[in-house]
Amino acid sequence: MDKGPMDKDGLEEGIVTDFDKDMSYGDYLQLNQILSSQHRLSGHHDEMLFIVIHQTSELWMKLILHELTAAKDHIEAGRLEPSFKMLSRVARIQQQLIQSWNVLSTLTPSDYMEFREKLGNSSGFQSFQNRLIEFAMGQKNSQILAVFRHQPELYESMKATLNKPSIYDAAIGALAARGLPVDESVLNRDWPETYRENASVESAWLTVYRDVHKYWDLYELAEKLVDIGSQQQFWRFNHMSTVERIIGNKTGTGGSSGVSYLKKVVEQPFFPELLTLRTKL
């Protein structure tokens, strides 16, 4: 294969090598800052794995929030189609997060015990981005904000998100905007509360699923939501399984009941009517 003309060092002649005044790849991505942020608190080899898995997970979560926010804006504006690509992207990101638990599962219980005490009271339970994803998907819990009270700016930002409609609230609003009857108590509910299943919403979604040609965009939206709801549940299950594999039924570093708590979380589905309608369809 022709690789083009080479200079004396074996590089193609057009490749830029002088970055004294120009921005390089590392400059653009701020790699010096990112790659210097892995500080082991123990001398144990596997602590690096633990840190990198959680840091990269937070980066993926940041992108999920970026996409969910934009998708909700489109849905609220009545532009359903642009949200589909964003929600598809969220599902793909969630698959990356699910796979990350498989990598972390190579951490054995004995290895983890070598540095677990160095974590103090820090815990994944305190991941504010994971909480914001749950808020965005309709599972809200105002009590969890107490964990972030020591960071006033973050606390107020999370409180503001708690008081906004979720992406599912936006989807239900789209049903009503198309003339499908939805109870006013749902359309004007208290946004800080976790969404609760409603018969009128299930009936509206059933209408969509029974006439997909008429309501194709709403049908597509529903299936995209089912995708991200299912992926989030897979992530939760893999999280629970990995924790059980590594620490058994020990109490979590942040004070939670550990596996017992995570099992309860797995039992909390997203977008309930999109699941229950399948039985009645």
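The axes of helix α3 (residues 47-76) and helix α6 (residues 128-136) come within 9 Å of each other and cross at roughly 25°. Axes here are lines fitted to C-alpha atoms, for helices over the stretch in contact, with angles running from 0 to 180 degrees between N-to-C directions. The model is predicted: local features need pLDDT of at least 70 and side-chain atom pairs pLDDT 80 or more, while totals for chains, interfaces and linings use all residues. Residues are numbered from 1 along each chain as its sequence is written, and side-chain values use heavy atoms, with hydrogens and water left out.

Given their crossing angle, α3 and α6 are therefore roughly parallel to each other (under 35 degrees; over 145 is roughly antiparallel, 65 to 115 roughly perpendicular and the rest oblique). Their crossing is left-handed, a term for a near helix turned anticlockwise from the far one by less than a right angle, clockwise being right-handed. On the α3 side, Glu58, Met61, Lys62, Ile64, Leu65 and Leu68 meet Gln129, Asn130, Leu132, Ile133 and Ala136 of α6, contact meaning heavy atoms within 4.5 Å. Seven nonpolar, two polar and two charged residues make up this contact; Ala, Val, Leu, Ile, Met, Phe, Trp, Tyr, Cys and Pro count as nonpolar, Asp, Glu, Lys and Arg as charged, and the others, Gly among them, as polar.

Helix α3 itself has 30 residues and reaches 43 Å from its first C-alpha to its last, close to the 44 Å expected at 1.5 Å a residue, where the expected span is 1.5 Å times one less than the number of residues. Gly78, with a positive phi near 80°, follows α3.

Nine aromatic pairs are counted, a pair being rings of Phe, Tyr and Trp (its six-membered ring) with centres within 6.5 Å; planes under 30 degrees apart are stacked, over 60 edge-to-face and the rest tilted. The rings of Phe50 and Phe115 have centres 5.6 Å apart and planes at 65°, so this pair is edge-to-face. It links distant parts of the chain, 65 residues apart: Phe50 lies in α3 and Phe115 in the loop between α5 (109-113) and α6.

Trp205, Val208 and Tyr209 of α10 and Leu218, Tyr219, Ala222 and Glu223 of α11 form the contact, with six nonpolar residues, no polar and one charged.

Overall, the protein has 13 helices and zero strands, helices (H or I, at least four residues) and strands (E, at least two) being DSSP runs numbered from the N terminus.
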